[in-house]
Amino acid sequence: SGVTARWRRPGDPEPDSLHKVPMEAREFVASLVAGGMAGMCVDLTLFPLDTMKTRLQSQQGFSKAGGFRGIYAGVPSAAIGSFPNAALFFVTYECTKSALGPLVSTKTAPLLHMFAASLGEMVACLIRVPTEVVKQRSQACPTLGTRKVFVETIRQEGIPGLYRGFGSTVKREIPFALVQFPLWEFLKVLWSWKQNSAVDSWQSAVCGAFAGGFSAAVTTPLDVAKTRIMLAKKGTRTASGKVLPTLKNIYKTQGISGLFSGIVPRVTWISIGGFLFLGTYDKVHKLLL
């Protein structure tokens, strides 16, 4: 899923001060815990939308994958993986900014944001991908249950089976971060310029929702490919994990609509998630400081 990495937090330094403000240990821990809790809040609250998206993107189709039945199938996997996934992202993100911040200028600070986010996504995938594999297979086969899906994956494919689709997940997350981060910054600057004052937290949340929703829309084909690769039966061509052949096959069999299947719940989930994430993060962060 990876919702926690979609939005910058309301305590983040602006690009022009990023390299001048060292992060204190207490603030770092507060960001870590608040981010993890906010991630769990979003992932669990909006889980039904994620289930609908997975079933719309599955090769067997929405109805055969379970339709509206068992929309919380796979939620144990999301619950277990959500907090550490967010924690690993934030550790990498904050450490990268802290280490490289003094080396960048004001003009190149946004590039540091993008690099830190991309690196954070890659490292977080070490936890996110196994969680996604078990979760999505449970969502597509709701009668099996999370525990049985996990056991069967290990029995048939071993540990590598839990990392099926690692490459395709990274290839989805990095373009998302590269689109979302600069777009969010641009929207905040534009809004600030229009009203001739700095944006409030709720305005930042609105910008985050729009940026996240747009980024989710344009990266939907990569998300569809990732879902197909994770759900494919062992030994099939799709299970090999190659993104481009998978996209070509989807286009050949289902056309453009196939490449953008599940776009509505995906965009809705990430847009609404922006509000929930920023609100929860801000509240928990203030309580911890």
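What we have here is a predicted model. By the ring-pairing rule, the count of aromatic pairs comes to 4. Phe68, at 61% relative accessibility, counts as exposed.

The next pair is Phe89 with Tyr93. Here the centres are 5.5 Å apart and the planes stand at 10 degrees, so this pair is stacked. Phe89 and Tyr93 belong to helix 3, residues 75-100, and because they are 4 residues apart, about one helical turn separates them. Residues three or four places apart in an α-helix point the same way, because there are 3.6 residues a turn. Both Phe89 and Tyr93 are buried.

I turn now to helix 7, which covers residues 166-195 and has 30 residues. From its first C-alpha to its last, helix 7 reaches 43 Å, close to the expected 44 Å. Which residues of helix 7 are buried? They include Ser168, Thr169, Val170, Phe176, Ala177 and Phe181, and also the charged residues Arg172, Glu173, Glu185 and Lys188. Trp184 is buried as well, and the charged end of Lys188 sits over the ring of Trp184, 4.7 Å from the ring centre.

Finally, Asn196 follows helix 7, and its phi is positive, near 60 degrees.

How values were computed
Residues numbered from 1 in each chain as written. Predicted model: local features only at pLDDT ≥ 70, side-chain atom pairs only at ≥ 80, totals over all residues. Heavy atoms only, no water. Helix = DSSP H or I, 4+ residues; strand = E, 2+ residues; numbered from the N terminus. Expected span 1.5 Å × (residues − 1). Buried < 20%, exposed > 50% of the residue type's maximum accessible area, 1.4 Å probe, protein only. Phe/Tyr/Trp six-rings, centres within 6.5 Å; stacked < 30°, edge-to-face > 60°. Lys NZ or Arg CZ within 6 Å of the ring centre and 35° of its normal.
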